[in-house]
Amino acid sequence: MNIRLSEILTPSKGVMALIMLFTMLPVISIGAGQQDSPRTPRVYTNDDIPSRSQSAPVGAASTNEASKDSETASSNPAEVGKVAPFVPTPMDVVEKMLEIAKVTSADVVYDLGSGDGRIVLTAAEKYGAKAVGVELDKDLATESEAEAKRRNLDKLVTIIQGDLFLTNVKPASVVTVYLLQAANRKLSPILEKDLKPGTRVVAHDIRIPDWKPVEELSLKSDGVQHFIYLYRIPDSFKQ
Ligand SMILES: C[S@@+](CC[C@H](N)C(=O)[O-])C[C@H]1O[C@@H](n2cnc3c(N)ncnc32)[C@H](O)[C@@H]1O
């Protein structure tokens, strides 16, 4: 099934009402002497985020002020610093994101929050680009690194297991993101400061607040509408 990040974490008012109702159900049923009432119909919540064990972020090349305030209030050490759950971009959308950015072998593609590595692996495999994935989740980072080796792409693909807000993005000529809006908001001053003029930033589904796309497109994947926003440094934020 094709699920969108925006649907999971920015639910409509109707879905919010359902979430509140189902959150209250156990309280209501315990009060009435009933137990274990099944929660149907099922709605997507943060419980759907796959739980994976991971160590604290190791960080990468440089530090940024913005990273000091953590965006997640989770008490689970494995979740600290996590600004989006793992929801993979469908492969046809990945292809379009790289296409709209006109990626070539001369590019250095950074995927910030790289999940299973599908964007960096495709950028390397299809276009011969150098590609760097930054992923907080240790298991996902390890998996994607192993997949790069398996496909003989390890000379082109680097996976950094760490916090994207602590990563030096200066070498990038293309940056891809599929994060929540608050994360994009926190990231944009870093991108504005550190990316070279001409660098393309491609966002899946969630816009970069206050930036103006130079191009946008929407496509259906598995019956679900997806949006892709292409930004260019500095045109997209300097009017
Ligand atoms: C919506 S998924 C996108 C995965 C991949 N980019 C794609 O489009 O298929 C977001 C990813 O960001 C990772 N993530 C969340 N917060 C992070 C952080 N602070 N630093 C690095 N990765 C992070 C999550 O673990 C998750 O794998």
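Which residue in the hairpin of E6 and E7 takes a positive phi? Aspartate 222 does, with phi near 55°, in a hairpin that has 2 residues between the strands. This is a predicted model, in which local features need pLDDT of at least 70, side-chain atom pairs count only at pLDDT 80 or more, and totals for chains, interfaces and linings use all residues. Residues are numbered from 1 along each chain as its sequence is written. Helices (H or I, at least four residues) and strands (E, at least two) are DSSP runs, numbered from the N terminus.

**Ligand shell**
- Thr89, Gly113, Gly115, Leu136 and Tyr178 come nearest among the 26 residues around the ligand; a residue is near a molecule if its C-beta atom, placed from the backbone, lies within 6 Å of it.
- The shell around the ligand holds 14 nonpolar, 6 polar and 6 charged residues.
- Ala, Val, Leu, Ile, Met, Phe, Trp, Tyr, Cys and Pro count as nonpolar, Asp, Glu, Lys and Arg as charged, and the others, Gly among them, as polar.
- At least two shell residues come from helix H4 (118-127), and at least two from strand E2 (130-135).

**Helix H3**
- Val93, Val94, Lys96, Met97 and Leu98 are buried in helix H3 (residues 91-100); buried means 20 or more other C-beta atoms within 10 Å of the residue's own, exposed 12 or fewer, and partly exposed in between, with C-beta atoms placed from the backbone.
- The cover over the buried residues of H3 includes H4 and the strands E4 (174-177), E5 (200-204), E6 (215-221) and E7 (224-232).
- Lysine 102, which follows H3, has a positive phi near 50°.

**Strand pairing**
- E5 and E7 run antiparallel and are joined by 5 bridges; strands pair if DSSP finds at least two bridges between them.
- Histidine 204 has isoleucine 228 of E7 as its bridge partner.
- E6 pairs with E7 in the antiparallel sense over 7 bridges, and glutamate 216 has tyrosine 229 of E7 as its bridge partner.

**Backbone exceptions**
- Most residues other than glycine have a negative phi, and most peptide bonds are trans.
- Asparagine 152 has a positive phi near 60° and sits in the loop between helix H5 (138-150) and strand E3 (157-161).
- Asparagine 152 counts as exposed because it has 10 C-beta neighbours inside 10 Å.
- Aspartate 210, in the loop between E5 and E6, has a positive phi near 75°.
- Aspartate 210 counts as exposed because it has 11 C-beta neighbours inside 10 Å.
- Isoleucine 233 and proline 234 are joined by a cis peptide bond, with omega about 0°; proline 234 is in the segment after E7.

Terms used:
Contact = placed C-beta atoms within 7 Å.
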